[in-house]
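Here's a quick briefing to read with the model open beside you.

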Amino acid sequence: MTTNDASLILIVEDEQKLAQLAIDYLQNAGFSTHTLGEGETVIPWVKQQHPHLILLDLMLPGRDGLTICREIRSFSNVPIIMVTARIEEIDRLLGLEMGADDYICKPYSPREMVARVKAVLRRLQPQADDIYQVQSLTLDADSFRVFAEGRETELTSVEFQLLQALYRQPGRIFSRSKLMDQIYQDQRVVSDRTIDSHIKKLRKKLAELLPGQELIHSVYGAGYRYDPQQDSDADSDA
Ligand code: CA
C-alpha cells in the first residue's frame with residue numbers, strides 16, 4: 001500500500017460541488033480530508049491542525065488564495081497545490097513565486113488531482129516511488145494511468161513497466177534485454193520484437209496524450225531512451 005494512507009489533506013474550496021468531488025476522490029484514495037470554504041478561516045486552522053497538504057483555491061470569499069499561500073509560507077513548508085480557474089493564471093502565479101508546489105486548473109479531472117496530490121507528497125518523501133512526475137507527465141502506478149495536460153490514458157501492465165523503467169532515468173539508453181529484465185523477472189521467454197511491439201503501442205498512447213511530442217526515442221542498434229527534452233529522434237549529440 002501507499003504511505004499516504006493517513007495523510008490529512010485540507011481542501012480550501014468555496015464551490016461546494018467541487019469540494020465534495022475532491023473529498024470523495026481523496027478519501028477513496030485513502031486520505032483524510034477537511035474542507036474550508038472561507039478564506040479567513042484557513043490560517044488558524046492550518047496552525048492548529050498541521051495538514052500534510054493543502055489544495056488551495058485561488059478565488060475565495062474573505063481572503064484570496066494568493067495572500068493565504070504567502071502567509072502560510074511565512075511559518076510552514078506544508079505542500080500547497082494551487083487551484084485556479086484559468087490556465088493563463090498559472091504563468092502569472094509562477095512569476096510571483098508564491099511558494100506553491102504545484103498548480104491545477106479548473107475544471108480538473110479528479111483522478112488527475114489525486115495523482116498530483118500523491119506526486120507532490122512523493123516528491124517530499126523520496127523513499128517511496130510509486131507516483132512521480134517528470135515535466136508534464138504524471139504516472140500513477142496504482143492504476144497504470146498516465147496524466148498530461150488534463151488528459152489521461154490507461155496503460156497495460158507491461159506498457160506501464162516499460163515506461164516506468166525509461167522514465168525513472170531520463171536520457172539513459174536501455175537495451176531491449178535490459179528492458180526485458182525490468183518487466184519479466186522470471187520468465188525470459190519474450191523476444192526483442194515483443195519489446196518493440198509494446199513500445200510501439202506505448203508510444204501511440206503517449207502521442208495521444210501529448211501530440212507532437214516524442215518522449216521515447218529509439219537509439220539505433222542500442223535500444224530506447226526516454227527524453228522529454230528532444231522532439232526529434234535524431235541523435236543530435238552524436
Ligand atoms: Ca473559488
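Axes here are lines fitted to C-alpha atoms, for helices over the stretch in contact, and angles run from 0 to 180 degrees between N-to-C directions. Helices (H or I, at least four residues) and strands (E, at least two) are DSSP runs, numbered from the N terminus. This is a predicted model, where local features need pLDDT of at least 70, side-chain atom pairs count only at pLDDT 80 or more, and totals for chains, interfaces and linings use all residues. Residues are numbered from 1 along each chain as its sequence is written, and side-chain values use heavy atoms, with hydrogens and water left out.

**Helices around H8**

- Helix H7 (residues 176–183) packs on H8 at an angle of about 80 degrees, the axes being 10 Å apart.
- H7 and H8 are therefore roughly perpendicular to each other (angles under 35 degrees count as roughly parallel, over 145 as roughly antiparallel, 65 to 115 as roughly perpendicular and the rest as oblique).
- On the H7 side, Arg-176, Leu-179, Met-180 and Ile-183 meet Asp-192, Ile-195, Asp-196 and Ile-199 of H8; contact means heavy atoms within 4.5 Å.
- By class, that H7–H8 contact has five nonpolar, no polar and three charged residues (Ala, Val, Leu, Ile, Met, Phe, Trp, Tyr, Cys and Pro count as nonpolar, Asp, Glu, Lys and Arg as charged, and the others, Gly among them, as polar).
- Helix H6 (residues 157–168) also meets helix H8 (residues 192–209): their axes come within 9 Å and cross at roughly 85 degrees.

- Three strands make an open, antiparallel sheet in the order E10-E12-E11; two strands pair if DSSP finds at least two bridges between them.
- Strand E10 (173–174) and strand E11 (216–219) are the edges, each pairing on one side only.
- E10 is joined to strand E12 (residues 223–226) by two bridges, and Ile-173 has Arg-225 as its bridge partner in E12.
- H6 lies across E10, E11 and E12, at about 65 degrees to E12.

**The calcium site**

- Asp-14 (OD), Asp-57 (OD) and Met-59 (O) coordinate the calcium ion at 2.1 to 2.3 Å.
- Donors are N, O and S atoms within 2.8 Å of the metal (3.2 Å for Na, K and Ca), and water is not among the atoms, so sites may look incomplete.
- Asp-14, in the loop between strand E1 (8–12) and helix H1 (16–28), and Asp-57, in strand E3 (residues 53–57), are 43 residues apart.
- Asp-57 is buried at 3% relative accessible area, while Asp-14 is partly exposed at 33% (buried means under 20%, exposed over 50%, partly exposed in between, with a 1.4 Å probe and protein chains only).
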